[in-house]
Amino acid sequence: MPQQQKIEQLEKTNSRFKRVYSEYTTMSKELWDYENSEEISVTDDFLNSIKLQTDYLEEEIQHWLIDEKNME
């Protein structure tokens with residue numbers, strides 16, 4: 001099963017995954033906006049904290065996807 005289908009299936013069947021994935025997509029978008037905006041000024045510490053949290057969420061998502069793959 002392709003990765004996007006796995007994500008969609010997990011979103012339907014696992015409320016925790018859905019919450020984590022939603023938070024990850026929101027934070028990733030905000031991070032991209034902060035890094036690429038000339039109008040929004042934030043500190044490097046703030047950006048680093050968002051990057052770190054996004055990395056943790058991504059790692060958690062990857063674990064779910066790996067576990068799902070092993071269950072097939």
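Tutor: A residue is called buried under 20% relative accessible area, exposed over 50% and partly exposed in between (1.4 Å probe, protein chains only). The model is predicted, so local features need pLDDT of at least 70 and side-chain atom pairs pLDDT 80 or more, while totals for chains, interfaces and linings use all residues. Residues are numbered from 1 along each chain as its sequence is written, and side-chain values use heavy atoms, without hydrogens or water.

Four aromatic pairs are found in the whole structure; Phe, Tyr and Trp (six-membered) rings pair with centres within 6.5 Å, and planes under 30 degrees apart are stacked, over 60 edge-to-face, the rest tilted. F17 and W64 form an edge-to-face pair, because their planes stand at 85 degrees, with ring centres 5.1 Å apart. This pair joins helix 2 (residues 15–36), which holds F17, to helix 3 (residues 44–71), which holds W64, across 47 residues; helices are DSSP runs of H or I, at least four residues, numbered from the N terminus. F17 and W64 are both buried.

Y34 and F46 are also edge-to-face, since their planes lie at 70 degrees, with centres 5.5 Å apart. Y34 belongs to helix 2 and F46 to helix 3, so this pair ties together parts twelve residues apart in sequence. Y34 is partly exposed at 22% relative accessible area, and F46 is partly exposed at 35%.

Ring pairs also join F17, Y21, Y24 and W64 into a cluster. Leaving aside residues up to four places away in sequence, I61 touches F17, V20, Y21 and Y24, contact being heavy atoms within 4.5 Å.

Key:
Helix = DSSP H or I, 4+ residues; strand = E, 2+ residues; numbered from the N terminus.
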